[in-house]
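My entries follow the order in which I looked things up.

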Amino acid sequence: MAGDEKRRVLVTGVGGWLGVRVAARLKAHADVGSLIGVDLDDPPFTIKGMEFIRADIRSPLIARVLGATKVDTIVHTNISSSPSRFGGRSQMKENNVIGTMQLLAAAQRADHVKKVVVKSSTAVYGSGPAEPSLIAEDHAGRVTELSGYGKDCADAETSARDFGRRRPDVELVILRTQNVIGPRASTSMSRYLSLPVVPTALGYDPRLQLLHEDDAVRAMSEAAMGDARGIFNIAGEGVVYLGGAIRLLGKVELPLLAPTAQLTSDLLRRFDLVDFPRDQLRLVLFGRVVDTRRAAKVLGFTSEFSTRACLEDFRRNRAPDEAGRTSRHESWERELFDYLHRKSMSGSAV
Amino acid sequence: MADAEVIRIDERTRGAAPRDLAACRGTTAAGRPCRNPAVAGSDYCRVHLREDPRTRHPSQARSSVPKPSEALAPATDDLTRILDFLKRRLSGDYPIDDFGYDAELSREVLLPLVKPLYERYFRVRTLGIERIPAEGPALLVGNHSGTIPLDAVMVQYAVASEHASRRIVRNIAADLALKLPLIGPLARKAGNALACEEDAAELLARGELVGVFPEGFKGVGKGWRERYRLQRFGRGGFIEVALRTKTPIIPVAIVGAEEAYPMIANAKFLAQTLGFPYFPVTPTFPLLGPLGLLPLPSRWLIEFGEPIPMDDYPDDAAEDSMLVFDLADSIRDTIQQMLFKNVAARGPAFF
């Protein structure tokens, strides 16, 4: 985007952890003049200099907000995978799909808008045994069986692409972020991996690829301030098997028979432990790994945290009690060596 | 008790023995050190010299019986190694590649498990393994047979154990195999990927040796009467990938897998009910239950053919469907001829 003037940026979803952190990062950017945060919920923390507008992106009123603020950049982070945040799946869908449609319809009318960044998800690729080992951006259209969050993201992307076609002058960026974890992020994956005993599906060990929350925030803000346009996968380097990841976190795996996984997930949700979307259950069967080379080449973005580093950081900062303690394996090993030592001493005495 | 007088049993050594010092280092049947003089130029007497070198050694070993502390040292080394391994596995501290290949698990656990099956049970012989390049990409194209795809496992073991560079063949498998519980994750950890153009092209771009079985389920699921008759070669996707990436194709003929699980019938109804591509009936399965899953001890012969270069074709050759089909057919013919030749060359299937 050209222009010497300071940028006017609107961020949706500042009531969530990602939106508010993207807003905070953008506020600190030298080229950002004014920053407007939009959400129905209060931001988790206040950002000095951010103008917070309590508004619903699902209502046509959002057009008035755009008109009044004369923003040139919209960063849409308000596509959520957590039904409980909206009070149910249908409201979540309403927010994700209709919200994006309304927001982009308003943006289409607003000539001052020159850049739009939409946070989508790798959930648009679904998850299954027939997906390539490394999924590239062009693969999305081929997946037909989508439901829940993945479907929402695909629908939101369709709105975004329609918008891009009607307003070719606008630089449109769609970021498909991989499952995010981090010390502060509250995502279904971070809550899942925080369980003391992590339920998995017996006989399945999917490859897991993660994105660190800091990288997610940086990708969003760099996409907002950069010149690139297009669709990009955003994820950490490398993969780890789910079983290995659970052991890296020093936790215990609980393999369940696949048919009971649904029930377990429902129970976890009932007791407010993990809101693991039903449609994401296939992820613990088959996983989903994406190719991030286009983001590196075109967007100039490479994540700082590898998948492994995400887990190590998560372990250090999320579970201090675990990290401080000597690991179980080390104590087992010491016991075994002590035992062998005693054995060999008594053996040589005979 | 005083030492008994040495009885010389060989007149010719009588004079030489004292000068060439030394008693024989062998052990008598009673377990005592042999007292005969050693034959000139050797450490053993005439009797022990004729014995198998492996069995006459005990006296040497006995003379250096280690002290208990020394005996423990190598054992502890092994133990440390095993413990380190277990610790890495238990703490999740092991790297895998993007496709899920777990090099450590493969080399330390999976391949050693295949070894007895390969060497003792199937007595696999290989021909032309040196035709596989020491490094860089190549596409191994093989015939698929034997109900359970053991042929892919044996090709991988053959190259990992007999090829000079000990390369790991990255076989690409059908999604129906990768989605099976236990088998799917294990296949990925052993280095397999999905049979699709994306995975094949990506593995080749990374310089890997990729194994493909274009017959797919038509090959493994064919009846006993059609043994060693190649089925149709899919849609020639592997040719397209080879043309695009300009990777040489190495035809592979595998003889022996057909007899390991001779499929005498296909229970189509059961297959449909269970969602399998076929449901094999072999002489032992399902008659003997799980025991029937044990393969028959057939004798195997795997031949790696002359590499067929793919870089002489124009850049857009992969778009030329006729060329793709022609190439697929000619490679299919090559493998079929190798099969006919090697079935005869192998001799009897079992003994």
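**Helix pair in chain A**

I began with the contact between two helices of chain A in this predicted model, and found that A:K93, A:N96, A:V97, A:T100, A:M101, A:L104, A:A107 and A:Q108 in α4(A) meet A:D152, A:D155, A:A156, A:S159, A:A160, A:F163 and A:R166 in α5(A). I sorted the residues of this contact between α4(A) and α5(A) by type and noted 7 nonpolar, 4 polar and 4 charged.

I then looked up the geometry of the pair: the axes of α4 (residues 89–109) and α5 (residues 148–166) of chain A come within 9 Å and cross at roughly 5°. Angles under 35 degrees count as roughly parallel, and therefore I recorded α4(A) as roughly parallel to α5(A).

**Where the chains meet**

Next I turned to the interface, where 26 residues of chain B are in contact with 23 residues of chain A. On the chain B side, the elements that give two or more residues are α5 (68–90), α8 (175–178), α9 (183–189), β4 (193–194) and α10 (197–205), and the largest share, 6 residues, comes from α5(B). I classed the residues on this side of chain B as 14 nonpolar, 5 polar and 7 charged.

**A buried helix stretch in chain B**

Finally I checked α12 (residues 237–245) of chain B, in which B:F238, B:I239, B:E240, B:V241, B:A242 and B:L243 are buried. The buried residues of α12(B) pack against β2 (138–142), α10, β5 (209–212), β6 (249–255) and α15 (321–346) of chain B. After α12(B) comes B:K246, for which I noted a positive phi, near 50°.

Technical notes
Residues numbered from 1 in each chain as written. Chains lettered and ligands numbered in written order. Predicted model: local features only at pLDDT ≥ 70, side-chain atom pairs only at ≥ 80, totals over all residues. Contact = placed C-beta atoms within 7 Å. Helix = DSSP H or I, 4+ residues; strand = E, 2+ residues; numbered from the N terminus. Nonpolar A, V, L, I, M, F, W, Y, C, P; charged D, E, K, R; others polar. Buried ≥ 20, exposed ≤ 12 C-beta atoms within 10 Å, placed from the backbone. Axes fitted to C-alpha atoms, helices over the stretch in contact; angles between N-to-C directions. Parallel < 35°, antiparallel > 145°, perpendicular 65-115°, else oblique.
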